[in-house]
Amino acid sequence: MVSPDAIRTVLGIFGNVISLFLFLSPVPTFIQIWKKGSVEQYSPMPYLATLINCMMWTLYGLPMVHPGSLLVVTINGSGTVIELVYVIIFLVYSDGKKKRVKVLLVLLVEVIFVAVLTLLVLTLAHSFHRRSAIVGTVCIVFNIMMYASPLTVMKLVIKTKSVEYMPFFLSFASLANGVVWTAYACIRFDPFITIPNGLGTLSALIQLILYATFYKSTQRQIAERKGQIHLSEVVVNCSYPLDKAAGGVAGTAPVSDTTAPPHKT
């Protein structure tokens, strides 16, 4: 019979793979930034928020804080490195000194916060239970704050009746990630991993329900936009010979006042 710890390890490995996919999902955005040589209107805040979240979970999984959480350390340590690379790219390609200074200040505050918390927890809390409780509570708070972004996207979906800016595979991966890590936490019950991942599972499930609800209306909107673009191209192409015949300047042809209005059906 397979032991619970073995199942937990397998789930943790699956969780690492799925989470790594989620961490790497912004790569196309950063390739675009690199090619254009500018961050344009992209905000660094989601990556700074994910960075401190990863640093906190790495601290939580350390043997001196919460023993037996190596797989929590591996994925969040990797996430810390990945998010740090994203932030560095923002610093390199930001337009203007003011934006760079803002990103550096937020980054500095995050590093100082994690360093001070680590020092206080390791020196003042003398048991694994107390250390886990302190760091785990902070982790939950940061996780809940990060759910503001998906909530904003879901509000936009409901308002526009379009899921164009809520990718299906990202929502599906988020659901799988939440389910796997919730199961991982329930085998050797850990409320600090269960609560945020349970909320993440619920958030992703709502996203998929919205996707199913508004998928058809999204396709209609996309088709209508394409139809309008095609129609405008036809109008432009048809009007070009007329403009040329009128002397080559658009809008110079006279319009008769006796032109009959279009027939309405």
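**Fold**

I counted the secondary structure of the protein and got nine helices and zero strands. Helices here are DSSP runs of H or I with at least four residues, strands are E runs of at least two, and both are numbered from the N terminus. From the N terminus on, the order reads α-α-α-α-α-α-α-α-α.

I noted that this is a predicted model, where local features need pLDDT of at least 70, side-chain atom pairs count only at pLDDT 80 or more, and totals for chains, interfaces and linings use all residues. Residues are numbered from 1 along each chain as its sequence is written, and side-chain values use heavy atoms, with hydrogens and water left out.

I checked burial next. Of the 265 residues, 36% count as buried. Buried means under 20% relative accessible area, exposed means over 50%, and partly exposed lies in between (1.4 Å probe, protein chains only). I then looked at contacts, meaning heavy atoms within 4.5 Å. Among contacts with a separation of 6 or more, 77% come from residues 24 or more positions apart.

**Largest pocket**

I looked up the largest pocket and found about 1,700 Å³ of space in it. Of its 45 lining residues, Leu22, Thr50, Met146, Leu170 and Ser174 are the closest to the centre. The elements that give two or more residues to the lining are α1 (4-24), α3 (45-61), α4 (70-93), α6 (128-146), α7 (148-160), α8 (168-187) and α9 (191-245).

The search runs on a 1 Å grid over the protein atoms alone; a pocket is an open set of points where a 1.4 Å probe fits, with protein on both sides within 12 Å along at least five of seven lines, and lining residues have an atom within 4 Å of a point. Points are joined across faces, edges and corners, and the volume is the space filled by probe spheres set on them.

I sorted the lining by class: 26 nonpolar, 18 polar and one charged. Nonpolar covers Ala, Val, Leu, Ile, Met, Phe, Trp, Tyr, Cys and Pro; charged covers Asp, Glu, Lys and Arg; the others, Gly among them, are polar.

**α6 against α7**

How do the axes of α6 and α7 cross? They come within 4 Å and cross at roughly 20°. That makes α6 roughly parallel to α7, since angles under 35 degrees count as roughly parallel. The axes are lines fitted to C-alpha atoms, for helices over the stretch in contact, and angles run from 0 to 180 degrees between N-to-C directions.

I listed the contact residues. Ile144, Met145 and Met146 in α6 meet Ala148, Ser149 and Pro150 in α7. By class, this contact has five nonpolar, one polar and no charged residues.

I found Lys161 in the loop between α7 and α8. Its phi is positive, about 55°, although Lys161 is not a glycine. Most residues other than glycine have a negative phi. Lys161 is partly exposed, with a relative accessible area of 47%.

Which distance separates the C-alpha atoms of Ser217 and Lys161? I got 6.5 Å, for two residues 56 apart along the chain. Ser217 lies in helix α9. At 12% relative accessibility, Ser217 counts as buried.

Ile193 is buried, with a relative accessible area of 4%. Leaving aside neighbours within four places in sequence, Ile193 is in contact with Trp57, Tyr60, Val72, Trp181, Tyr184 and Ala185.

Tyr215 lies in helix α9. Tyr215 counts as partly exposed, at 39% relative accessibility. Tyr215 and Phe168 are 47 residues apart in sequence and 10.0 Å apart, C-alpha to C-alpha.

**Arg100**

My last entry is Arg100, in helix α5 (residues 97-124). Is Arg100 buried or partly exposed? Arg100 counts as partly exposed, at 30% relative accessibility. Not counting residues up to four places away in sequence, Arg100 touches Leu91, Val92 and Ser94. Arg100 and Ile88 are 12 residues apart in sequence, and their C-alpha atoms are 9.9 Å apart in space.

Notes
Angles under 35 degrees count as roughly parallel, over 145 as roughly antiparallel, 65 to 115 as roughly perpendicular and the rest as oblique.
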